[in-house]
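User: I'm new to this one. Can you walk me through it?

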Amino acid sequence: MDVVLCPIADLTDDGRADVAALSRAVYPPAVSAAWPGRHLEWSAHESAVLIRAADGELICYVGLVVRSALHDGRSVRLGGIGGVKTHPAARRQGCAARAVRRAVASFQERADIEFGLLVCEPHLIGYYQRLGWQEFGGRLLVTQRGRPAEFTLNRVMVCGVQGVGPSAGTIDLLGPPW
């Protein structure tokens, strides 16, 4: 398997088509149409970890966002992980774990990122805990169409990067979630 960290701006048309095809395989139209988060405003990913099979097929994607935010009113720099998806035929082979670890490693290569943040469905908490993430017990504020809002769709998890990820308080993403 080929694991690559790539700026989204550097994706070719074929690369973008591969991401779209993976998204359709993971979230077929009926699933996408029923997803509770479909009406939310989401941030565009700045870069992504891509995993391709030996034949070149894109089998895993993890989107990354780096942003200034607030934790209890204090300015922090976050590394965000979102849009984690693995092709159904490639699941349970460690692809997502490998991609998430590569994403965190990319955050650790930067001295300005204090902690990582992701949101996930409740049934995935144990999975991310095994990868070193901890559940955040506080509030997550986001921006939705220019207005502050509390994010309640999914659970919030953090992991320490240059510091220790907080366990409580209020995190304001100062923008849409990822």
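Predicted model: local features only at pLDDT ≥ 70, side-chain atom pairs only at ≥ 80, totals over all residues.

Analyst: Here is a short tour of strands, a pocket and some aromatic rings.

User: How many bridges join β3 and β4?

Analyst: 11 bridges, again in the antiparallel sense.

User: Is Asp72 buried or exposed?

Analyst: Exposed. Its relative accessibility is 53%, and the cut-off for exposed is over 50%.

User: Which other non-glycine residue has a positive phi of about 50°?

Analyst: Arg145 has one. You'll find Arg145 in the loop between β7 and β8. Arg145 is exposed too, at 56% relative accessible area.

User: Back to β3. What does it do with β10?

Analyst: β3 pairs with β10, residues 170-172, in the antiparallel sense over 2 bridges. Leu70 stands opposite Asp172 there.

User: What about β5, how many of its residues are buried?

Analyst: 6 of its 6 residues are buried. Phe115, Leu117 and Val119 point one way from the strand. Gly116, Leu118 and Cys120 point the other way.

User: How does β5 run against β4, parallel or antiparallel?

Analyst: Parallel, with 4 bridges joining them. Ile81 stands opposite Leu118 in β5. The chain gets from β4 to β5 through α3, and this β-α-β crossover is right-handed.

User: And which way does β5 run against β9?

Analyst: Antiparallel. 6 bridges join β5 to β9, residues 155-160. Gly116 stands opposite Cys159 in β9.

User: New topic. What volume does the largest pocket have?

Analyst: About 1,400 Å³. It is lined by 41 residues. The closest to its centre are Val26, Tyr27, Gly83, Val84 and Lys85.

User: Which elements contribute two or more residues to that lining?

Analyst: They are α1, α2, β4, α3, β5 and α4. β4 gives the largest share, 6 residues.

User: What classes of residue make up the lining?

Analyst: 23 are nonpolar, 11 are polar and 7 are charged.

User: Switching to aromatics. How many aromatic pairs are there?

Analyst: The count comes to 3. Take Trp42 and Phe151. Their ring centres are 6.1 Å apart and their planes meet at 80°, so the pair is edge-to-face.

User: Where do those two sit in the chain?

Analyst: In distant parts, 109 residues apart. Trp42 is in the loop between α2 and β2, while Phe151 is in the loop between β8 and β9.

User: How covered are they? What's the relative accessible area of Trp42?

Analyst: Trp42 is partly exposed, at 28%. Phe151, at 6%, counts as buried.

User: What about Tyr127 and Tyr128, how do their rings sit?

Analyst: Edge-to-face. The centres are 5.2 Å apart, with 80° between the planes. Tyr127 is partly exposed, at 26% relative accessible area. Tyr128 is buried, at 5%.

User: Which residues do ring pairs link into a cluster?

Analyst: Trp35, Trp42 and Phe151.

User: Last one, the start of the chain. Where does Asp2 lie?

Analyst: In strand β1, residues 2-7. Asp2 counts as partly exposed, at 43% relative accessibility.

User: What separates the C-alpha atoms of Asp2 and Gly169?

Analyst: 39 Å. The two residues are 167 apart along the chain.

Definitions and conventions: Residues numbered from 1 in each chain as written. Heavy atoms only, no water. 1 Å grid on protein atoms, 1.4 Å probe; cavity = no way out; pocket = protein on both sides within 12 Å on 5 of 7 lines; lining within 4 Å. Points joined across faces, edges and corners; volume = space filled by probe spheres on them. Nonpolar A, V, L, I, M, F, W, Y, C, P; charged D, E, K, R; others polar. Buried < 20%, exposed > 50% of the residue type's maximum accessible area, 1.4 Å probe, protein only. Pairing = 2+ DSSP bridges. Right-handed = clockwise from strand over helix to strand, strands pointing away. Phe/Tyr/Trp six-rings, centres within 6.5 Å; stacked < 30°, edge-to-face > 60°.
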